[in-house]
Every structure is written in structure tokens, then in C-alpha cells.
Amino acid sequence: MTRPERRRARALSLPLTGLAGDDDLDRVRRRLYIGISVLGIGIQMGIWVLNFYRAVPDPVTTVTNPMFTGLSSWVIWWMACRRPVETVNWVGLTACGLVIVLRAVATPLLGGAELLTALQDLYWLLVVVSVIAFLTVDYRRAIGVTATFYLAGTLLPWAVLAAGGAALSSPARLGQLQLLCGIALITLCSLAWYREHFQRGRDELRLTQKLAATDALTGLNNRHALYPRLGELLGGLTLRLQPPAAATAPFCLLLIDVDHFKRINDQLGHGVGDEVLRQVARTLQGQLRPDDLLGRWGGEEFLVALPGAQEDQALEVAERLRRAVAQADFGTASLVTVSVGLSEARPGDVLEAVVARADAALYEAKRSGRDRVACGPGNDQAPALVSAD
């Protein structure tokens with residue numbers, strides 16, 4: 001996800017599902033760098049020791065591997081001190097670039113029976129450095145780094161050989177090695193490009209879906225997102241006019257309205273009113289189970305769905321929510337209360353019927369003085385007032 005998208009999402013207080021926050025990502029990346037560096041020290045020392053068992057030790061390996069061991073130790077210290085990660089990226093790539101140039105120049109100059117083998121090590125190093133580049137910097141810069149290192153690693157040996165370096169027994173074999181390395185690097189660049197664009201498109205789609213389903217003020221589900229989830233609670237029914245044949249599972253609905261909200265806006269301003277709605281949303285969310293459904297129904301109204309709850313259980317929840325809001329700190333808004341209308345889903349219910357009964361109960365709670373809970377009407381019955389302070 002791009003930085004502007006992250007800033008826009010944070011401004012809307014929207015959690016990015018499946019995406020870690022900046023601090024979490026930084027911690028994971030530092031641990032990864034430390035782990036790779038520790039492993040790298042062991043591998044580099046192993047290669048350095050084994051190099052002396054070769055018939056003719058490679059001088060470039062003899063010099064550069066201790067340098068890489070020191071660099072890895074520095075990375076561990078740098079990451080542990082929480083220094084900038086970007087510095088490590090560019091120091092590491094610069095060191096790798098210097099080693100590539102050194103090997104590309106020194107190997108043809110030194111020659112020897114294992115000249116092709118030493119040059120083959122160079123092209124393995126090019127592939128490894130390219131992978132590191134794609135893991136540490138953005139893909140455009142990684143492609144640039146890869147192309148630069150590849151050109152240096154392929155052109156410099158030929159330039160040194162042409163200028164009087166060691167004789168090469170099989171120039172065609174060197175050309176084959178360079179072409180095979182080029183194919184591997186082109187494949188890496190293509191995969192990185194594809195992944196970047198695929199990931200960006202997927203993240204943009206997820207963000208668009210999140211924005212479409214989330215209330216920008218409170219960060220809760222909006223009505224558009226609530227409809228299908230309420231339909232799932234009603235046995236797959238969303239807004240069909242005909243009731244389903246099978247009975248629905250126990251399920252209760254709460255409609256919650258902030259009392260005298262217009263007065264808050266008129267007397268204290270819409271900024272305070274917006275903060276009241278956000279605080280009410282946070283208070284309600286803190287009192288509900290993970291499986292409960294909470295959303296902004298519209299204006300100053302909130303909807304709570306309680307899966308598996310029967311009426312007596314839902315009444316306890318409604319009372320807990322009402323008291324929690326009344327006891328919350330709203331700053332300059334002083335005392336804020338809510339009225340709650342409760343409705344229990346019945347066999348064969350459609351969504352409109354459940355919401356209508358909760359709305360009727362909410363009206364009764366407000367008509368009776370507000371800051372109370374009322375239960376939805378039964379068949380041919382009026383809403384019942386069940387709590388009042």
C-alpha cells in the first residue's frame with residue numbers, strides 16, 4: 001500500500017485488515033535483519049575457512065568474507081540500537097557493489113586454472129545481491145541496482161581480458177554464464193514488477209471496499225455493510241419480502257439513539273457533536289463481545305446485533321451499554337445519555353420487521369423520558385418500558 005493511502009486510512013481511523021502498522025512492520029523487519037546477519041556470519045566464516053582447503057585459495061574470498069562478517073556484525077548492532085533501516089539497505093548494497101567490481105576486475109587479472117569457476121562465483125553473487133535489493137528497497141530502485149550491477153559484472157571482465165588480463169580457455173563458456181545470469185535476473189525483475197502491481201491493485205481494492213463499508217466518522221460498519229451481515233443472522237435473509245420457511249436462530253437487535261443530540265450540536269458545535277459520536281462508538285464497542293455486530297445506523301443512531309442472545313440476555317446487555325455511556329467522560333459535552341430499543345427476531349422474520357419493532361421500542365424509550373431501555377412490541381402489543389432511572 002502506498003504512503004498516501006496509509007495516511008488517508010489513518011486519517012479516517014480505519015484499520016487496514018491484514019496489514020501491519022508501521023511500528024509492527026519496523027520491529028519485524030529489524031528482527032529479520034538481525035536473524036539474517038547472524039546466519040550470514042556463520043555462512044561467511046564457513047566459506048572463508050573452506051576457501052583455504054582449495055588447491056589455490058581465491059584471494060577475493062580471502063579478503064572480502066572477513067569484510068562481510070564485520071559488516072554483518074555492524075548491522076546487528078545498528079538494528080539493536082534502532083537506527084534507520086534505510087542506512088543498512090544502502091550500506092549493504094554499496095558494499096556488495098564494491099565486491100562485485102573487485103571480483104569482476106581482480107579475477108581476470110589474477111587468472112589461474114580456476115578462472116571460470118571464480119567468475120561463476122561472481123554471477124551467483126549477482127543473483128544474491130539482486131534478491132537482497134528487491135527485499136530492501138522499492139522495486140524500481142531494485143531494478144536499477146540489479147541492472148547496474150549486472151552491467152558491471154559482465155562488461156568489466158571482458159574489458160580486463162581485452163586489456164591484457166589472463167588468457168581465458170573458453171570465452172564461450174563465460175558468455176553462457178553471463179547469459180544464464182541475465183535470464184535469472186530478468187526473471188527476478190519480472191516477478192518483482194508483477195508482484196508490486198498485483199499487490200498494489202489488491203490493496204487498493206481492499207481499501208476501496210473498506211471505505212465503502214465503514215463510517216468515516218466513527219470507524220464502525222455503516223448501514224451498507226450492516227445489511228448483508230444482518231441478513232446472515234436471519235438465516236441468509238437480507239431484504240426479501242417473503243419470510244424463510246425455517247425458523248431463525250436466537251438473535252436480538254438494539255437500536256441506540258444519543259439523547260438530545262441536536263441540542264449538543266446547536267449549543268457546543270458540530271465538532272463537539274462529532275467527538276460525542278466517536279466516544280459513544282468507542283464506549284459501545286468496549287462493552288460488546290467479539291461476535292457482536294456494531295454499526296452506525298445513521299445520524300446519531302447506532303445498531304447492535306447480538307447473535308445467539310434471547311430477550312432477557314439482550315436486556316442485560318442493553319442496560320450495560322446504557323449505563324456505560326452515562327458514566328463515560330465526554331469532556332465539554334458533560335452528561336451524555338442514550339435511549340435503547342430492543343427487538344428479538346422471531347421465526348420467519350424479515351429484516352424490516354425486526355428493525356421496525358426495535359425502532360418502535362426506541363420511540364417508546366424516548367417518549368417516556370430518554371436514558372432508558374424499552375423492549376419491542378409483541379403481536380398486537382405496545383412496546384414495553386423495561387428500565388428507567
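This is a predicted model: local features need pLDDT of at least 70, side-chain atom pairs count only at pLDDT 80 or more; totals for chains, interfaces and linings use all residues.

Analyst: Residues are numbered from 1 along each chain as its sequence is written, and side-chain values use heavy atoms, without hydrogens and water.

User: How many aromatic pairs are there?

Analyst: Rings of Phe, Tyr and Trp (its six-membered ring) pair if their centres lie within 6.5 Å; planes under 30 degrees apart count as stacked, over 60 as edge-to-face and the rest as tilted. By this rule, the number of aromatic pairs is 4.

User: Which kind of pair do Trp48 and Phe52 form?

Analyst: The ring centres of Trp48 and Phe52 are 5.1 Å apart. Their planes stand at 90°, so the pair is edge-to-face.

User: Is Trp297, the partner of Tyr227, buried or exposed?

Analyst: Tyr227 and Trp297 have ring centres 5.7 Å apart and planes at 70°, so they too form an edge-to-face pair. Buried means under 20% relative accessible area, exposed over 50%, and partly exposed in between (1.4 Å probe, protein chains only). Tyr227, at 26%, is partly exposed. Trp297 has a relative accessibility of 8%, so this residue is buried.

User: Which residue lies over the face of Trp297?

Analyst: A charge sits over a ring if NZ of Lys or CZ of Arg is within 6 Å of the ring centre and within 35 degrees of the ring normal. At 4.0 Å from the ring centre of Trp297, the residue over its face is Arg223.
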